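Notebook open. I wanted to look up how the two chains meet, then check the fold of one of them.

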Number of protein chains: 2
Amino acid sequence: MSSVKLSQIGELSLLEQIRKNFSGKSKRVLVGIGDDAAVVKPAGKTMLLTTDMMVEGIHFDLRFTTPYQIGFKLVSVNVSDIYAMGGKPLYFMLNLAARNTMTLEFIETFFQGVKEAVHFYDATLVGGDLSATEERIFLSATMIGYTERYVKRSGARIGDHIYITGNLGDSACGLELLKKIKQPVLFEKERSLIKEKKGAEKHRFQKSALSWKTMGPLLRRHLLPVAKKTESFVRHASSMIDISDGLLIDLTRLCDESNVGARIYLTNIPISREMKDAAAYLRISPWKLALSGGEDYQILFTAPPGKPVRAQYIGDIVKSERTMIDGSGREKPFSAMGYQHFRKQKEEQ
Amino acid sequence: MSSVKLSQIGELSLLEQIRKNFSGKSKRVLVGIGDDAAVVKPAGKTMLLTTDMMVEGIHFDLRFTTPYQIGFKLVSVNVSDIYAMGGKPLYFMLNLAARNTMTLEFIETFFQGVKEAVHFYDATLVGGDLSATEERIFLSATMIGYTERYVKRSGARIGDHIYITGNLGDSACGLELLKKIKQPVLFEKERSLIKEKKGAEKHRFQKSALSWKTMGPLLRRHLLPVAKKTESFVRHASSMIDISDGLLIDLTRLCDESNVGARIYLTNIPISREMKDAAAYLRISPWKLALSGGEDYQILFTAPPGKPVRAQYIGDIVKSERTMIDGSGREKPFSAMGYQHFRKQKEEQ
């Protein structure tokens, strides 16, 4: 069964399987997968709508990412955008263009990752579209959420503190490790999932100069990121954005929208012990990873000083200049350095 | 300007342009393009959610489709799903993966098509995502609509009449013509759009054995389809579906969901004079185009007999058999014949 190719089963049977797999009832979903459109009840005062894409070879590499991880991450990436507006996710929709030489197992495992994540975030898959393609796998997803109060990127005011919800650069460092490891890495839940089916010996993780204790959290942050909830501080936040393209590019976006500047203190940037060790081993600057590495999915937000927020204070909103201050007190300007599609990336210094 | 490549401008400038182009205010949209998620007001008793994909080489061919047409059609396809549930479209989201060798003009013209269509259907573009890719262009879109009363595929009852909102096979016939013409065909609005920029001489339409009067409507139905509104009959409809993959496959879906059969009368199937003439010229059976041709975007629905619906009656819902009756009264079974992704298409007879 598992090695059956998509070309042998066709779109209709595949749809039928997906539908069965996601047919759980929800009071809010009146019509789920299988009609022209899903019918759902609106919630909250306002609805939040976000959509994201993942393209094989651009956003993920099948040589070292499992379909389970791709599915899980696709959901997390969209949830992160909903959280970054101060909301909660509700309804998820999915598009998948796949090669017809791909196996049913691949698709099943991908949907297992989607299912786990959707369940984890308390959302529901309500629809989607399938297509054949011949080269890269293409995924896109839409998440619909709701909120009573939303927080935009544009609300930062001079004097606000700048906060971050957790360590930066772990994901980018995990990606650099993967490029060395050059094979998929499985985590607990997923390992049992795969083992059940065919024994995962060939997926076993090879020995390395770095311990699993160091690498594990970094790889997990890249492969199975969990979006950061914002409910504990959202009522104090004046502006919010999730860090998907690197701290500096996303802070620049927030400043541009708010029409303000920012001064950040490099010594305050949260960097994990694991990332520091792995970066040293990889001979990459941990600062480069923390400031410009993508896919952190931490939340960057601002709040007036004196508010009781449990997050890392990294700097202040100022009038217009955008600077970083290092440990010895030197101040230098920063600009948006991070991944940009289409443009050839300049080497950063 | 127009021949500027995406690689020269990068994602951020492109996003800025799109944002400016779609920044029109709407009372329902609190935050549009440019934040982590769009913030919108819910409408109606229930929300409708649908998503669709269009992949280059599978759903469209750039050798004979303009970017304007692709943009327009992407919107129509999604609106058609909303109409097929009995609703009205509201919020539109878009994902585009493009090669960085593509021109800014291509992207601008594509967005012009999206903009015209979104305006035409009284919806609003509220967000999206851009990515680079290296081969096929990949598009996906999500439409969020609303309705007070929704009509599912599963409500057809024995004795109901089966109706269709317009001619079948025009789009499939238009596609066959395009494969002969082998170049893009421009329509009025679009022609002036292009002319303004660079004179459209090279886009001029070549002479053919068929008149423009015959070909025009067929080509238009394929390239710039307009979704069929359902508000005039929706209160009588017991089940509804839009025909995207061919009458027989979509009627089969409706019957499967409703757990009923159908008997259709071939002589009642609406076929345009233009399609009949073009099919004769192309030596293709007009019945094949009408019964199994895709992308009609007509609405197929059922209603109890005696209801005042202005649509073409094509058959009856029966207990379980699925048959077609031809002009001489012969009855033969039909099955789902139409396009299926992944599966190699069997030649139909």
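I counted polar contacts first (N or O atoms within 3.5 Å; within protein, one must be able to donate a hydrogen and the other to accept it, and residues adjacent in sequence count only if both atoms are side-chain atoms): 22 residue pairs between chain B and chain A, both at pLDDT 80 or more. The side of chain B that touches chain A has 37 nonpolar, 18 polar and 18 charged residues (nonpolar is Ala, Val, Leu, Ile, Met, Phe, Trp, Tyr, Cys and Pro; charged is Asp, Glu, Lys and Arg; the others, Gly among them, are polar).

Ground rules: this is a predicted model, where local features need pLDDT of at least 70, side-chain atom pairs need 80 or more, and totals for chains, interfaces and linings use all residues. Residues are numbered from 1 along each chain as written, chains are lettered from A and ligands numbered from 1 in the order written, and side-chain values use heavy atoms, without hydrogens and water.

Next, salt bridges (side-chain nitrogen of Lys or Arg within 4 Å of a carboxyl oxygen of Asp or Glu): I get eight between chain B and chain A. In one of them, B:Glu135 pairs with A:Arg136, with the closest N and O atoms 2.7 Å apart.

I also found strand S2 (residues 38-40) of chain A antiparallel to strand S3 (residues 46-55) of chain B, joined by three bridges. Strands are DSSP runs of E, at least two residues, numbered from the N terminus, and two strands pair if DSSP finds at least two bridges between them. A:Val39 sits opposite B:Leu48 there.

Last, I noted that the C-alpha trace of chain A spans about 65 × 55 × 35 Å along its principal axes.

Technical notes:
Helix = DSSP H or I, 4+ residues; strand = E, 2+ residues; numbered from the N terminus.
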